[in-house]
Amino acid sequence: MVQKLPLNDQASFVARKYTSPYFETAWHQHEEHELVLQLDGKGMCFIGNYIGEFNAGDIFFLGSNVPHEFKKDDDIETCSALVIHFKPDVLGKDFLALPEFSEIKTLLADAVLGFKFQGIINKQLNLLMTALSSATGFERITLLCQCMLLMSRVNEKATLSTITEFNHFSNHKINKVFEYTILNFRNQISLKTIADIANLSIPAFCRYFKRKTKKTYIEFVNEMKIGYACQSLIDSEETILQISYASGFNTIANFNKQFIKVKGIKPSVYRKNLRPVVLETV
(Lines give C-alpha, C1' and ligand atoms only; values in the text may rest on other atoms or scores of the structure.)
Protein backbone atom coordinates (compact mmCIF):
# COMPACT_ATOMS: atom_id res chain seq x y z
CA MET A 1 0.00 0.00 0.00
CA VAL A 2 1.27 3.47 -0.89
CA GLN A 3 0.21 5.72 1.97
CA LYS A 4 -0.78 9.36 1.51
CA LEU A 5 -0.10 11.38 4.64
CA PRO A 6 -2.32 14.28 5.72
CA LEU A 7 -0.98 17.83 5.65
CA ASN A 8 -2.69 21.15 6.26
CA ASP A 9 -1.91 24.73 5.33
CA GLN A 10 -0.28 25.35 8.72
CA ALA A 11 2.34 22.58 8.51
CA SER A 12 4.96 21.43 6.00
CA PHE A 13 5.39 18.04 7.71
CA VAL A 14 3.50 15.72 10.06
CA ALA A 15 4.33 15.07 13.73
CA ARG A 16 1.69 13.14 15.64
CA LYS A 17 1.08 10.37 18.12
CA TYR A 18 -0.52 7.15 16.93
CA THR A 19 -2.18 4.86 19.49
CA SER A 20 -3.96 1.51 19.14
CA PRO A 21 -6.15 0.70 17.33
CA TYR A 22 -4.70 3.25 14.88
CA PHE A 23 -1.09 2.35 15.61
CA GLU A 24 -0.78 -0.41 13.03
CA THR A 25 -0.75 0.12 9.30
CA ALA A 26 -0.46 -2.75 6.83
CA TRP A 27 2.79 -3.28 4.92
CA HIS A 28 3.17 0.06 3.14
CA GLN A 29 5.50 2.74 1.82
CA HIS A 30 5.36 6.49 1.30
CA GLU A 31 7.42 9.29 -0.18
CA GLU A 32 8.12 10.89 3.20
CA HIS A 33 11.03 10.03 5.48
CA GLU A 34 9.80 8.60 8.79
CA LEU A 35 11.23 9.10 12.29
CA VAL A 36 9.53 6.84 14.87
CA LEU A 37 9.75 6.91 18.67
CA GLN A 38 8.04 3.90 20.24
CA LEU A 39 6.30 5.24 23.33
CA ASP A 40 4.86 2.04 24.78
CA GLY A 41 4.06 -1.50 23.76
CA LYS A 42 6.13 -4.03 21.86
CA GLY A 43 6.00 -6.20 18.78
CA MET A 44 7.71 -6.95 15.51
CA CYS A 45 8.89 -4.61 12.79
CA PHE A 46 9.37 -5.33 9.09
CA ILE A 47 11.62 -2.80 7.33
CA GLY A 48 12.74 -3.57 3.79
CA ASN A 49 14.08 -7.11 4.13
CA TYR A 50 14.77 -6.70 7.87
CA ILE A 51 12.71 -8.48 10.52
CA GLY A 52 13.17 -7.70 14.21
CA GLU A 53 11.48 -6.69 17.39
CA PHE A 54 10.65 -3.27 18.82
CA ASN A 55 10.11 -2.14 22.41
CA ALA A 56 9.18 1.06 24.20
CA GLY A 57 11.95 3.65 23.84
CA ASP A 58 13.25 2.37 20.50
CA ILE A 59 13.78 4.94 17.75
CA PHE A 60 13.80 4.16 14.02
CA PHE A 61 14.56 6.35 11.01
CA LEU A 62 13.33 5.17 7.60
CA GLY A 63 14.15 6.73 4.27
CA SER A 64 11.78 7.73 1.51
CA ASN A 65 9.73 4.85 0.06
CA VAL A 66 11.19 2.20 2.39
CA PRO A 67 8.38 -0.38 2.81
CA HIS A 68 7.65 -1.20 6.43
CA GLU A 69 5.17 -2.38 9.04
CA PHE A 70 5.15 -2.20 12.83
CA LYS A 71 2.96 -4.98 14.19
CA LYS A 72 2.14 -5.02 17.90
CA ASP A 73 2.02 -8.25 19.88
CA ASP A 74 -1.39 -9.87 19.89
CA ASP A 75 -1.56 -9.86 23.68
CA ILE A 76 -0.88 -6.10 23.91
CA GLU A 77 -3.97 -3.90 24.01
CA THR A 78 -2.24 -0.54 23.77
CA CYS A 79 0.70 0.39 21.61
CA SER A 80 1.67 3.93 20.70
CA ALA A 81 4.37 5.82 18.85
CA LEU A 82 5.34 9.39 18.10
CA VAL A 83 5.88 9.59 14.33
CA ILE A 84 7.40 12.40 12.28
CA HIS A 85 6.95 12.33 8.51
CA PHE A 86 8.69 14.81 6.20
CA LYS A 87 9.30 14.92 2.48
CA PRO A 88 12.88 14.83 1.10
CA ASP A 89 12.54 18.45 -0.05
CA VAL A 90 10.85 19.74 3.12
CA LEU A 91 13.54 22.43 3.44
CA GLY A 92 13.30 23.34 -0.22
CA LYS A 93 14.89 21.78 -3.28
CA ASP A 94 18.08 23.85 -3.05
CA PHE A 95 18.88 23.50 0.66
CA LEU A 96 20.46 20.06 0.46
CA ALA A 97 22.75 21.33 -2.31
CA LEU A 98 24.37 23.76 0.13
CA PRO A 99 27.73 22.60 1.53
CA GLU A 100 26.49 23.18 5.10
CA PHE A 101 23.88 20.46 4.58
CA SER A 102 26.30 17.75 3.42
CA GLU A 103 25.93 15.72 6.64
CA ILE A 104 22.15 15.73 6.45
CA LYS A 105 22.21 14.96 2.73
CA THR A 106 24.31 11.85 3.46
CA LEU A 107 21.98 10.81 6.29
CA LEU A 108 18.88 11.02 4.09
CA ALA A 109 20.57 9.05 1.31
CA ASP A 110 21.75 6.29 3.69
CA ALA A 111 18.33 6.07 5.36
CA VAL A 112 17.14 3.89 2.48
CA LEU A 113 18.59 1.04 4.58
CA GLY A 114 16.70 2.05 7.72
CA PHE A 115 18.35 2.90 11.05
CA LYS A 116 17.68 1.90 14.64
CA PHE A 117 19.30 4.19 17.18
CA GLN A 118 20.97 2.94 20.32
CA GLY A 119 22.56 4.32 23.45
CA ILE A 120 22.49 7.87 24.78
CA ILE A 121 21.22 9.33 21.50
CA ASN A 122 17.80 7.81 22.26
CA LYS A 123 17.39 10.13 25.24
CA GLN A 124 18.49 13.16 23.22
CA LEU A 125 16.29 12.32 20.25
CA ASN A 126 13.39 11.56 22.57
CA LEU A 127 13.57 15.05 24.05
CA LEU A 128 13.82 16.73 20.63
CA MET A 129 10.97 14.71 19.12
CA THR A 130 8.72 15.31 22.12
CA ALA A 131 9.39 19.05 21.94
CA LEU A 132 8.74 19.04 18.19
CA SER A 133 5.38 17.31 18.57
CA SER A 134 4.01 20.28 20.50
CA ALA A 135 5.97 23.07 18.82
CA THR A 136 4.50 25.61 16.42
CA GLY A 137 5.77 27.90 13.72
CA PHE A 138 9.45 28.15 12.82
CA GLU A 139 10.46 26.21 15.94
CA ARG A 140 9.18 23.05 14.24
CA ILE A 141 11.74 23.48 11.46
CA THR A 142 14.63 24.18 13.84
CA LEU A 143 13.80 21.11 15.95
CA LEU A 144 13.53 18.92 12.85
CA CYS A 145 16.95 20.13 11.71
CA GLN A 146 18.37 19.37 15.17
CA CYS A 147 16.99 15.84 14.96
CA MET A 148 18.55 15.29 11.54
CA LEU A 149 21.88 16.78 12.56
CA LEU A 150 22.04 14.62 15.68
CA MET A 151 21.23 11.46 13.71
CA SER A 152 23.85 12.30 11.08
CA ARG A 153 26.67 12.70 13.61
CA VAL A 154 26.31 9.62 15.81
CA ASN A 155 27.73 6.15 15.33
CA GLU A 156 25.21 4.56 17.73
CA LYS A 157 22.87 3.40 15.00
CA ALA A 158 22.29 -0.04 13.54
CA THR A 159 21.68 -0.44 9.82
CA LEU A 160 18.68 -2.68 9.20
CA SER A 161 17.79 -3.57 5.61
CA THR A 162 20.18 -4.55 2.81
CA ILE A 163 18.01 -3.42 -0.11
CA THR A 164 18.79 -0.05 -1.67
CA GLU A 165 16.12 0.05 -4.39
CA PHE A 166 12.45 -0.04 -3.44
CA ASN A 167 10.59 0.86 -6.60
CA HIS A 168 9.67 -2.82 -7.05
CA PHE A 169 7.82 -2.85 -3.72
CA SER A 170 4.97 -0.97 -5.37
CA ASN A 171 4.61 -4.18 -7.39
CA HIS A 172 1.41 -5.91 -6.34
CA LYS A 173 3.00 -9.35 -6.60
CA ILE A 174 5.72 -8.85 -3.98
CA ASN A 175 3.29 -7.02 -1.70
CA LYS A 176 0.90 -9.98 -1.73
CA VAL A 177 3.79 -12.28 -0.79
CA PHE A 178 4.85 -10.07 2.12
CA GLU A 179 1.31 -9.57 3.41
CA TYR A 180 0.51 -13.28 3.35
CA THR A 181 3.81 -14.15 5.04
CA ILE A 182 3.41 -11.58 7.81
CA LEU A 183 -0.01 -13.01 8.64
CA ASN A 184 0.94 -16.70 8.39
CA PHE A 185 4.63 -17.11 9.22
CA ARG A 186 3.90 -19.13 12.39
CA ASN A 187 2.16 -21.75 10.29
CA GLN A 188 3.84 -24.01 7.75
CA ILE A 189 3.87 -22.16 4.42
CA SER A 190 4.70 -24.40 1.49
CA LEU A 191 6.64 -23.03 -1.46
CA LYS A 192 3.77 -24.09 -3.69
CA THR A 193 1.28 -22.02 -1.67
CA ILE A 194 3.38 -18.88 -1.75
CA ALA A 195 4.37 -19.40 -5.39
CA ASP A 196 0.68 -19.68 -6.30
CA ILE A 197 0.01 -16.37 -4.52
CA ALA A 198 2.69 -14.78 -6.72
CA ASN A 199 1.25 -16.61 -9.75
CA LEU A 200 4.63 -18.19 -10.49
CA SER A 201 6.08 -21.68 -10.61
CA ILE A 202 8.15 -22.69 -7.59
CA PRO A 203 11.56 -22.28 -9.34
CA ALA A 204 10.49 -18.95 -10.86
CA PHE A 205 9.21 -17.71 -7.50
CA CYS A 206 12.45 -18.65 -5.71
CA ARG A 207 14.50 -16.74 -8.28
CA TYR A 208 12.08 -13.79 -8.18
CA PHE A 209 12.07 -13.49 -4.39
CA LYS A 210 15.86 -13.77 -4.10
CA ARG A 211 16.32 -11.11 -6.79
CA LYS A 212 13.88 -8.71 -5.08
CA THR A 213 14.92 -9.17 -1.44
CA LYS A 214 18.49 -10.61 -1.58
CA LYS A 215 17.29 -13.48 0.63
CA THR A 216 15.73 -16.85 0.00
CA TYR A 217 12.10 -17.16 0.99
CA ILE A 218 13.00 -19.76 3.62
CA GLU A 219 15.55 -17.38 5.19
CA PHE A 220 12.93 -14.63 5.21
CA VAL A 221 10.32 -16.78 6.96
CA ASN A 222 12.83 -18.11 9.50
CA GLU A 223 13.83 -14.54 10.41
CA MET A 224 10.18 -13.71 11.07
CA LYS A 225 9.85 -16.76 13.29
CA ILE A 226 13.02 -15.88 15.21
CA GLY A 227 11.82 -12.29 15.68
CA TYR A 228 8.59 -13.60 17.17
CA ALA A 229 10.53 -16.03 19.37
CA CYS A 230 12.74 -13.23 20.71
CA GLN A 231 9.76 -11.39 22.14
CA SER A 232 8.46 -14.57 23.75
CA LEU A 233 11.85 -15.37 25.26
CA ILE A 234 11.88 -11.98 26.97
CA ASP A 235 8.24 -11.62 27.96
CA SER A 236 6.78 -15.07 28.57
CA GLU A 237 7.38 -17.82 31.10
CA GLU A 238 7.08 -20.56 28.48
CA THR A 239 9.92 -23.00 28.04
CA ILE A 240 12.23 -22.69 25.05
CA LEU A 241 10.68 -25.86 23.63
CA GLN A 242 7.19 -24.35 23.88
CA ILE A 243 8.38 -21.11 22.29
CA SER A 244 10.04 -22.97 19.43
CA TYR A 245 6.75 -24.70 18.56
CA ALA A 246 4.70 -21.53 19.02
CA SER A 247 7.07 -19.71 16.64
CA GLY A 248 6.44 -22.27 13.92
CA PHE A 249 9.41 -24.64 14.19
CA ASN A 250 8.81 -28.38 14.11
CA THR A 251 11.90 -29.38 16.09
CA ILE A 252 13.93 -27.78 18.86
CA ALA A 253 17.12 -28.67 16.98
CA ASN A 254 16.11 -26.62 13.94
CA PHE A 255 14.94 -23.77 16.19
CA ASN A 256 18.33 -23.62 17.92
CA LYS A 257 20.16 -23.82 14.60
CA GLN A 258 18.15 -21.00 13.01
CA PHE A 259 18.27 -18.86 16.15
CA ILE A 260 22.07 -19.03 16.24
CA LYS A 261 22.19 -18.26 12.51
CA VAL A 262 20.06 -15.12 12.90
CA LYS A 263 21.10 -13.86 16.36
CA GLY A 264 24.56 -15.38 16.77
CA ILE A 265 23.79 -16.87 20.21
CA LYS A 266 21.68 -19.66 21.69
CA PRO A 267 18.06 -18.90 22.71
CA SER A 268 18.90 -19.63 26.35
CA VAL A 269 21.72 -17.09 26.32
CA TYR A 270 19.51 -14.51 24.58
CA ARG A 271 16.85 -14.94 27.28
CA LYS A 272 19.40 -14.73 30.10
CA ASN A 273 21.00 -11.57 28.70
CA LEU A 274 17.84 -9.61 27.96
CA ARG A 275 15.23 -10.61 30.49
CA PRO A 276 14.92 -8.19 33.42
CA VAL A 277 16.46 -9.40 36.66
CA VAL A 278 13.82 -10.42 39.21
CA LEU A 279 14.93 -9.98 42.81
CA GLU A 280 13.72 -12.76 45.07
CA THR A 281 12.23 -11.83 48.43
CA VAL A 282 13.23 -13.70 51.55
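Author: A salt bridge is a side-chain nitrogen of Lys or Arg within 4 Å of a carboxyl oxygen of Asp or Glu. The model discussed here is predicted. It holds 7 salt bridges.

Reader: What makes Arg153 and Glu103 a salt bridge?

Author: Their closest N and O atoms are 2.9 Å apart. The cut-off is 4 Å, so the pair qualifies. Arg153 lies in helix H3 (residues 138-153) and Glu103 in helix H1 (residues 102-110). The two residues are 50 apart, and the pair links distant parts of the chain.

Reader: Why is Arg153 called exposed?

Author: Its relative accessible area is 55%. Exposed means over 50%, so Arg153 is exposed.

Reader: Why does Glu103 count as partly exposed?

Author: Glu103 has 32% relative accessibility. Buried means under 20% and exposed means over 50%, with partly exposed in between. The value 32% falls in between, so Glu103 is partly exposed.

Reader: How do you know that Asp196 and Lys192 form a salt bridge?

Author: The N to O distance between their side chains is 3.0 Å. That is within 4 Å, so the term applies.

Reader: Why are Asp196 and Lys192 separated by about one helical turn?

Author: Both sit in helix H5 (residues 191-197). They are about one turn apart because 4 residues separate them in that helix. Asp196 counts as partly exposed because its relative accessibility is 45%.

Reader: What makes Lys261 and Glu219 a salt bridge?

Author: Their closest N and O atoms are 4.0 Å apart. The pair is listed as a salt bridge under a cut-off of within 4 Å. This pair also links distant parts of the chain. Lys261 is in helix H9 (residues 252-263), Glu219 is in helix H7 (residues 217-235), and 42 residues separate them.

Reader: Which classes do Lys261 and Glu219 fall into, and why?

Author: Lys261 has 58% relative accessibility, so it counts as exposed. Glu219 has 30%, so it counts as partly exposed.

Reader: Turn to H7 and H10. Why is H7 called oblique to H10?

Author: The axes of H7 and helix H10 (residues 267-274) cross at roughly 50° and come within 9 Å. That angle makes H7 oblique to H10. Under 35 degrees would count as roughly parallel, and roughly perpendicular begins at 65.

Reader: Which residues make the contact between H7 and H10?

Author: On H7, they are Cys230, Ser232, Leu233 and Ile234. On H10, they are Pro267, Tyr270, Arg271 and Leu274. The crossing of H7 past H10 is right-handed.

Reader: What lies between S3 and S4 in their hairpin?

Author: There are 2 residues between the strands. In this hairpin, Gly48 takes a positive phi near 60°.

Reader: What makes S4 mostly covered?

Author: Of its 6 residues, 5 are buried. Buried here means under 20% relative accessible area.

Conventions
Residues are numbered from 1 along each chain as its sequence is written. This is a predicted model: local features need pLDDT of at least 70, side-chain atom pairs count only at pLDDT 80 or more; totals for chains, interfaces and linings use all residues. Side-chain values use heavy atoms; hydrogens and water are left out. Buried means under 20% relative accessible area, exposed over 50%, partly exposed in between (1.4 Å probe, protein chains only). Axes are lines fitted to C-alpha atoms, for helices over the stretch in contact, and angles run from 0 to 180 degrees between N-to-C directions. Angles under 35 degrees count as roughly parallel, over 145 as roughly antiparallel, 65 to 115 as roughly perpendicular and the rest as oblique. A crossing is left-handed if the near helix is turned anticlockwise from the far one by less than a right angle, and right-handed if clockwise. Contact means heavy atoms within 4.5 Å. Two strands pair if DSSP finds at least two bridges between them.
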